[in-house]
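I am keeping these notes while I look through a structure, one topic at a time.

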Amino acid sequence: MPRKKIDFDLVRGIALALPDVEESTLHGAPSLKVSGKLLACPAIHRSAEPDTLAVRVDFDLRAKLMAAEPGVYYVTDHYVDYPTVLVRLSRIDRTSLRHLLRTVWAFLNSKPKSRRRRARSQR
C-alpha cells in the first residue's frame, strides 16, 4: 500500500488532536494555533521551498533539529530572526512530524502568560 503524502491536511489532523489547538489564518494562509499562539503554518515566504511547513520552536531546539537532520529541517534568511524552523514535508516521516508537533505544543503550553493577560485575569 503506498504511503500517504505528508501535506498540510495531515499536519492539521495531527495538530487538531492535541488539546486547545485551533485553526486560524496568518497572512491569509491557514495556520494552527494553541491559545492564540502560532504552532505551525505553511511557509509562504518566497524564500522557503515548496511544500514546507513553518513551525514555531525556540532557537535552541531549532539548532538541534537542523544539526541532527539538515535534509528535513532548515531556515532561510527571512526566518532566521524568528523562533521558527522550516520543515520539508517531503522528507519528514509521520512519527517525527507527530513528535515535533507534540514537542512544540508542550513548549507553547509551558510559556507563562503575558503580564497583561495575568493582570486582567486577577481583576
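**Strands and salt bridges**

I began at K33, which stands opposite L38 in strand 3. For the terms, I noted that helices (H or I, at least four residues) and strands (E, at least two) are DSSP runs, numbered from the N terminus, and that two strands pair if DSSP finds at least two bridges between them. I also noted that this is a predicted model, in which local features need pLDDT of at least 70 and side-chain atom pairs count only at pLDDT 80 or more, while totals for chains, interfaces and linings use all residues. Residues are numbered from 1 along each chain as its sequence is written, and side-chain values use heavy atoms, with hydrogens and water left out.

**Entry: the strand 2 pairings**

I looked up how strand 2 and strand 3 (residues 37-42) are paired, and found three bridges in the antiparallel sense. Two residues lie between these strands in their hairpin, where S35 has a positive phi near 50°.

I then turned to strand 1 (residues 21-26), which runs antiparallel to strand 2 and is joined to it by six bridges. One entry to remember is E22, whose bridge partner in strand 2 is K33. This pair of strands also forms a hairpin with two residues between them, and H27 in the turn has a positive phi of about 55°.

Why is strand 2 largely enclosed by the rest of the structure? I found that five of the six residues of strand 2 (residues 29-34) are buried, where buried means under 20% relative accessible area, exposed means over 50%, and partly exposed lies in between (1.4 Å probe, protein chains only).

**Entry: the salt bridges**

How many salt bridges does a search of the whole structure find? The search gives three, a salt bridge being a side-chain nitrogen of Lys or Arg within 4 Å of a carboxyl oxygen of Asp or Glu.

R88 forms a salt bridge with E49, and their closest N and O atoms are 2.8 Å apart. Because R88 lies in strand 6 (residues 84-88) and E49 in the loop between strand 3 and strand 4 (52-56), the pair ties together parts that are 39 residues apart in sequence. I noted R88 as buried, at 13% relative accessibility, whereas E49 is partly exposed at 33%.

R12 forms a salt bridge with D9, with the closest N and O atoms 2.5 Å apart. Both R12 and D9 lie in helix 1 (residues 8-16), three residues apart, which is about one turn of the helix.
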